Amino acid sequence: MASKAPRENIDESKLTVSKPKTKAVGIPAVASALKISLEQMGPLRSVQTLIAVNQIDGFDCMGCAWPEHEKRNAAEFCENGAKAVAEEATRRRVTPEFFARHSVADLKTRDDYWLGQQGRLTHPMVLDEGACHYRPIGWDEALELVAQELRDMDHPDQGVFYTSGRTSNEAAFVYQLLVRGVGTNNLPDCSNMCHESSGSALVETIGIGKGSVSLKDLETASLIFVAGQNPGTNHPRMLSALEKAKKNGAAIVSVNPLPEAGLLHFENPQNISGMLVGSQLTDDFLQIRAGGDQALFQGLGKYLLEAERAGRNSPGLTTVLDHDFIKNHTVGVESYLSQLEQVQWDEIVEATGLTMEQIAATGERLLASGSTIVCWAMGLTQHKHSVPTLRDVVNVLLLQGNIGKPGAGVCPVRGHSNVQGDRTMGIFEQMPAAFHDRLDQEFQFRSPRAHGYDTVAAIRAMRDGKVRLFVGMGGNFVRAAPDSDATEKALANTRLTVQISTKLNHSHLSTGKRALILPTLGRTERDTQRSGDQRVTVEDSMSAVHASRGRLKPASEHLMSEVAIVCNLAHKVFTDAGLPLSNTPAADWLSLRDDYSLIRQHIEAVFDGFENFEERIQHPGGFVLPHPPRDKREFKTLSGKAHFTSNALEYLRVPPGRLILQTLRSHDQYNTTIYGKDDRYRGIHGGRRVVLVNEADIAEMGYADGDMVDLVSEFRGTERRAEDFRIVSYSTPKGCAASYYPETNVLVPLDSVADTSGTPTSKSVVVRLEPAGARLHA
């Protein structure tokens, strides 16, 4: 029988600290996955659900976007995937009676862990203006509230429509069509807060914002960089691919401010030898200063240049640089090399916090590699200079022709299971003109061309009273966004907030004058419409599109699928009463709701690469979308070639007595969802309010391990505070610290964003430490 939900918040006074682990997965991961599955789902439901995760005839895990082989294991999921499935397939329920017992004010005092553990939402709920409690509401009345708000808008840009990366391709497509039919491109999404910097840099340099490698490439590469990334917690199935790469002779270089257990030693639970012996993955660990990655890659480029001039060579070449590739497929190399000549080694060493010997050793690995892949995640994307950093990653790969050949390329590792697919489907505030032209042709209307709000711009617009309506398709916007206080106040400035959700979270409690909770089906559940049981599709980090079909009976008869919610709303808006606009999409919304294959027909007509969509998702593993740089070394840039770029070296200089704070996940967490109280690989147990600090910094600041402090961020003369954190002495570069989000999102300034991409700078927050409660006693 499934256990009951907790009655209290996490008791931080019970937090304990132990020595960090030096290996990951293995028997403890299996035990943890089974424990939470049995607690949430019970024995039978656990078996029914877990055997279908990531299987060809099952459902796609709602966790990370790591791809699958065509040949699947019987247990094709990781520990955190099992946790994600258990949280969705839980037997716990949040009913109207729950909301009658708990006021919004009461629920606001509950932490993220407590809220998430209460279970699945079962009924549409409304919070009336001035009310203290949510009350149940019928679907027709709820959707009419949203439709009326749309009709009452003075301008389409008064609506903001956010999307989480868990949304399927079909739901994302009809959602963006609804929004553009309303007349706006205000389609912020979770990409804006994580991998937007990747897309910005890659589109500019290679002409497409997606990674260029396959699983086969990763498993056959000569050299793999894993930079700013923690696969052991965030996408553990990647460790299996790295293990195969090691067995095939690859060298792995980990670049991170923190040592991560999964990259040190991996115990593969899929086989006996993996469990008993395991594999050492990392050959070299570069413990870099937070934000020093651009300096590292400029240093590696400079090392290759100097080796070239010394007459050395790389595998398969008579030189270090691949001059044929550079000549035939790139532009801008002279300007880039000139910039490398100007940057000084002492500045590179200072910016990285590494020794010259470490950088040279890594340069030697590049020289010896015939095929190199660079993988990265938020450790590279959430700094002010993230886009230049990633341009410099591409520069290094281009020098040796490591784009468009086997075992080589760029590998941005996405988080949410369909965040890449949502962008493919048009969830973006500035889609290219060619997309709009195809959409207009298919639906016989004129879609808006003016760029809309990204996430940060949307928060600013709500703050400034420019937005009446906020709709969130999945996710937990208020906890995912930066500057938590500013985000909550911004949402409170709207007339209506709408959250399409499976589970309770803080976004249901930071509302406009009125609020709706629209409960939706999860990935694990059967989606039955008039034409029968439906399937949806998703796109993984390596551009493979495949089908997903849930099996479980829905958590409540009152749930509606995301597709059905959008289509019913669109029918009401465009057909029943209609906006005061004649320019609306010519879509049969109710037919699309009843048969998702009709949506896929439209997708096929609008996007290249989806030819014979319905037929191709019958194939085990689906199909892979075109990627011109990978497939043919074609680059859809303005010049028709890959672009070397010249980027001034940037890094954060820390004032005396301050630290660079990076926000990160615990192991019992996926994005803003908190599964448990532990981060066992880092040795944190029973709590989350910790700050990991270098031992020397602790002493210099006059503190001791275990002291309680407030974290105070400083930005342009404004301070933000997160209270009552325990100092934990930890292996992190001097001048750097780390702490968990969403608790520390309050410290990330709304106006501190990456150049070009607008991504919040959550990995480079300048903070000072103050004794806990000092402000109260001042």
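Leaving aside neighbours within four places in sequence, which residues is Asp 111 in contact with? Select Asp 111 and look around it. The model is predicted, and in it Asp 111 is in contact with Asn 9, Ile 10 and His 506, neighbours within four places left aside.

**Stop 1: around Asp 111**

Stay on this residue. Asp 111 sits in the loop between α5 (104-108) and α6 (112-117). Buried or exposed? Asp 111 has 19% relative accessibility and the cut-off for buried is under 20%, so it counts as buried. Along the chain, Glu 743 and Asp 111 are 632 residues apart. Their C-alpha atoms are separated by 9.5 Å.

**Stop 2: helices α1 and α2**

Select residues 26-41 for α1 and residues 43-50 for α2. Two numbers describe a packed pair of helices: the angle between the axes and the distance between them. Here the axes come within 7 Å and cross at roughly 115°. The crossing of α1 past α2 is right-handed. Show side chains next. From α1, the contact uses Ser 37, Leu 38 and Met 41. From α2 come Pro 43, Arg 45, Ser 46, Thr 49 and Leu 50. Colour this contact by class: 4 residues are nonpolar, 3 polar and 1 charged.

**Stop 3: helix α3**

Move to residues 79-88, helix α3. How many of its residues are buried? The count is 10 of the 10, so α3 is largely enclosed by the rest of the structure.

**Stop 4: the parallel sheet**

Switch to cartoon view. Five strands form an open sheet with parallel pairing, in the order β12-β9-β8-β14-β15. Find the edges at β12 (284-286) and β15 (409-412), each of which pairs on one side only. From one strand to the next, the twist averages 15°.

Now select β8, residues 223-227. On one side, 5 bridges join β8 to β9 (residues 251-255), and the two run parallel. Check Val 226: its bridge partner in β9 is Ser 254. Another 5 bridges join β8 to β14 (residues 372-376), again running parallel. In β14, Thr 372 stands opposite Leu 223.

**Stop 5: aromatic rings**

Select the aromatic residues. The whole structure holds 17 aromatic pairs. Zoom in on Phe 435 and Phe 607. Their ring centres are 5.7 Å apart and their planes lie at 20°, so this pair is stacked. Phe 435 belongs to helix α23 (residues 433-443), whereas Phe 607 is in the loop between α29 (596-606) and α30 (613-616). The pair therefore ties together parts that are 172 residues apart in sequence. Both Phe 435 and Phe 607 are buried. Ring pairs link Phe 173, Phe 435, Phe 443, Phe 607, Phe 610, Phe 613 and Phe 623 into a cluster.

**Stop 6: two buried loop residues**

Select Ser 164, in the loop between β7 (159-163) and α8 (169-182). Its relative accessibility is 1%, so Ser 164 counts as buried. What is it in contact with, beyond neighbours within four places in sequence? Ser 164 is in contact with Cys 190, His 416, Asp 422, Met 473, Gly 474 and Gly 475.

Finish at Thr 494, in the loop between α26 (484-492) and β17 (496-501). Thr 494 has 0% relative accessibility and so counts as buried. With neighbours within four places left aside, Thr 494 is in contact with Met 462, Val 467, Arg 468, Gly 512 and Lys 513.

Technical notes: Residues are numbered from 1 along each chain as its sequence is written. This is a predicted model: local features need pLDDT of at least 70, side-chain atom pairs count only at pLDDT 80 or more; totals for chains, interfaces and linings use all residues. Side-chain values use heavy atoms; hydrogens and water are left out. Axes are lines fitted to C-alpha atoms, for helices over the stretch in contact, and angles run from 0 to 180 degrees between N-to-C directions. Helices (H or I, at least four residues) and strands (E, at least two) are DSSP runs, numbered from the N terminus. A crossing is left-handed if the near helix is turned anticlockwise from the far one by less than a right angle, and right-handed if clockwise. Contact means heavy atoms within 4.5 Å. Ala, Val, Leu, Ile, Met, Phe, Trp, Tyr, Cys and Pro count as nonpolar, Asp, Glu, Lys and Arg as charged, and the others, Gly among them, as polar. Two strands pair if DSSP finds at least two bridges between them. Buried means under 20% relative accessible area, exposed over 50%, partly exposed in between (1.4 Å probe, protein chains only). Rings of Phe, Tyr and Trp (its six-membered ring) pair if their centres lie within 6.5 Å; planes under 30 degrees apart count as stacked, over 60 as edge-to-face and the rest as tilted.
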